Amino acid sequence: MTGLSTPAILLRRIDFGDFDLIVTLFTLIQGKTSAIAKSAKKSVRRFPGVLEPFSRLDVVLTQGRRKGMPVLQEATLEEPFFNIREDIVKTVYASYWAEIIYLWMAEGEPHETLYQLITHVLGELNRGETPVEVLSILFQMRFMSIAGFRPNFDHCHACKTGLDQIRHATVISDPAKGGIACPTCGGMAGDRVHLSKGTLKQLAWIDRGDLEHAARVRFTPTAIAEGLDFLEAFVPYHIGRTPKSLGVLRAIRKTIHGKRKRAHR
Ligand SMILES: [Zn+2]
């Protein structure tokens, strides 16, 4: 029996009948791949504690009978990212990133740079030295570049005035136009996100250079708040779906924010 052997990140798992699981993997070699893990629910010995969300694995997949769903034959745990799964805030951020990838990727198309990106941010999230919000900004900015809808921060999409020539300190995000508008062209912004020029510069910096050093960009609290607001509108708009985990993420962030406020009184 010949199979495909590849590193993979587990994006999601759902129950299938009484005994099996269907896992969706982001594999290095063939991108997003759903596979059936037989007896994964029934037998603890088959995949002992291995098929957990975000785990980095080495897997062996074989083609199912009559061109059915691939079958997960083996899964070896390379990195469990325990610190993520033990922390609710880290878990919801990782769930959001995994869902973005799940929703955006087509089955069977490899994306090596995206694989490196998600592996990197999960590793950093697990280590805990970089603020989780900065990692989320890093992931989303670079995801947009990889996916081909990097936002244009250079000039107003309507009048083409360069960012430095715009006389206001803030501009208005316009996901539909793939970038920003000056306050004159943006008009009544409605519920669109306002972004200060300083935030735009920090967002552009984190999207440049090598991944290892990217998260060293110093984000001000304002830039973090504006950056997350902007990206969590821009990314869902461009993938055409709102990740369910985004609602959970926002609810948890609100609760924590409320607790901090009360603690400071
Ligand atoms: Zn304009």
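I began with Phe-139 and Phe-143, which are four residues apart in helix α4 (residues 132-147) and are therefore separated by about one helical turn; helices here are DSSP runs of H or I with at least four residues, numbered from the N terminus. I note that this is a predicted model, in which local features need pLDDT of at least 70 and side-chain atom pairs count only at pLDDT 80 or more, while totals for chains, interfaces and linings use all residues. Residues are numbered from 1 along each chain as its sequence is written, and side-chain values use heavy atoms, with hydrogens and water left out.

I then searched the whole structure and found eight aromatic pairs, where rings of Phe, Tyr and Trp (its six-membered ring) pair if their centres lie within 6.5 Å, and planes under 30 degrees apart count as stacked, over 60 as edge-to-face and the rest as tilted. The rings of Phe-139 and Phe-143 have centres 6.0 Å apart and planes at 20 degrees, so I recorded this pair as stacked. Both Phe-139 and Phe-143 are buried, meaning under 20% relative accessible area with a 1.4 Å probe, protein chains only.

Next I looked at Phe-230 and Phe-234, a tilted pair with 4.9 Å from centre to centre and 45 degrees between the planes. These two are four residues apart in helix α8 (residues 221-239), so about one helical turn separates Phe-230 from Phe-234. I found Phe-230 buried at a relative accessible area of 1%, and Phe-234 buried at 0%.

Finally, I traced a cluster in which ring pairs link Tyr-93, Trp-97, Trp-104, Phe-139, Phe-143 and Phe-149.

Terms used. Buried means under 20% relative accessible area, exposed over 50%, partly exposed in between (1.4 Å probe, protein chains only).
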